[in-house]
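Here is a short briefing on helices and charged pairs. Look at the structure first, then read the points below.

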Amino acid sequence: MFLVSIEGIDGSGKTTLALKLVERLQKTGRRSLYTKEPFTPELTGMIERLGWNDPVALTLLFSADRRIHVKWMEEQNAEVVITDRYVHSTIAYQSAMGIEKEWIALVNSKFPQPQLTVLLDVDPNVAVSRIKKGDIFDFPEKRRLLEKVREKYLELARGDTFLVVDANRPIEEIQERVFTYLLERLP
Ligand SMILES: Nc1ncnc2c1ncn2[C@@H]1O[C@H](COP(=O)(O)OP(=O)(O)OP(=O)(O)O)[C@@H](O)[C@H]1O
Ligand SMILES: Cc1cn([C@H]2C[C@H](O)[C@@H](COP(=O)(O)O)O2)c(=O)[nH]c1=O
């Protein structure tokens with residue numbers, strides 16, 4: 001399983017990109033799968049009820065959700081899995097809330113690391129203008145976090161498995177750049 005994670009703050013364009021990548025990969029004959037986090041309805045509901053005030057609980061809930069998600073991914077027998085959010089979401093968001101990123105990484109250390117992580121980098125003001133109405137996670141205290149979350153993502157994105165993309169660019173340009181970059185790295 002070649003695992004690709006798409007990361008970025010709310011409204012950065014992750015879902016739009018992830019779905020297009022899967023659509024184009026399937027046309028190349030590869031068994032490709034779109035998925036997202038949070039994954040399980042049960043844990044998503046607990047997170048929604050909890051809100052954005054307890055970063056320890058959020059770290060544990062998102063990580064427990066991920067354990068169930070990883071087992072499901074591995075059962076799908078896909079050649080390429082594109083996940084809309086993964087480990088780096090927990091590190092970026094919950095470290096922006098004050099949790100040590102080393103602890104978050106330790107809690108997530110048993111999960112497969114992505115072969116590629118695409119970070120869609122965008123100004124929070126632009127991103128917030130794109131957030132869909134009725135987003136169940138659109139808490140005011142989370143909107144105030146987004147600048148710090150962006151900084152945390154950029155600190156993380158120094159590794160060679162990251163591709164940082166300017167998410168202010170047109171959708172089609174982003175999709176073409178990421179698809180080309182990914183094809184060059186797929187077996
Ligand atoms: N590069 C772009 N330029 C302009 N608009 C974009 C771009 N990418 C996505 N959008 C639009 O922004 C909105 C949010 O996109 P999308 O749902 O893909 O973001 P997201 O990162 O998955 O959001 P969230 O994390 O809140 O679920 C959509 O209306 C989408 O069409
Ligand atoms: C996986 C994960 C997500 N979050 C945050 C990021 C978003 O604000 C919401 C839900 O994500 P969506 O893309 O809007 O559906 O949850 C987080 O704080 N920590 C995580 O591990």
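Glu23 and Lys20 sit three residues apart in helix H1 (residues 14–26), so about one helical turn separates them. Helices (H or I, at least four residues) and strands (E, at least two) are DSSP runs, numbered from the N terminus. This is a predicted model: local features need pLDDT of at least 70, side-chain atom pairs count only at pLDDT 80 or more, and totals for chains, interfaces and linings use all residues. Residues are numbered from 1 along each chain as its sequence is written, chains are lettered from A and ligands numbered from 1 in the order in which they are written, and side-chain values use heavy atoms, leaving out hydrogens and water.

**Salt bridges**
- The whole structure holds 10 salt bridges (a side-chain nitrogen of Lys or Arg within 4 Å of a carboxyl oxygen of Asp or Glu).
- Glu23 pairs with Lys20, with closest N and O atoms 3.3 Å apart.
- Salt bridges link Lys20, Glu23 and Lys27 in a network.
- Glu176 bridges to Arg24 at 2.9 Å between the closest N and O atoms.
- Glu176 lies in helix H9 (residues 171–185) and Arg24 in helix H1, so this pair ties together parts 152 residues apart in sequence.

**Burial**
- Buried means under 20% relative accessible area, exposed over 50%, partly exposed in between (1.4 Å probe, protein chains only).
- Glu23 is partly exposed at 34% relative accessibility.
- In helix H4 (residues 87–96), 10 of the 10 residues are buried, so H4 is largely enclosed by the rest of the structure.
- Helix H2 (residues 41–50) has Leu43, Thr44, Gly45 and Ile47 as its buried residues.

**After the helices**
- Gly51 follows H2 with a positive phi, near 80°.
- Gly98 follows H4 with a positive phi, near 110°.
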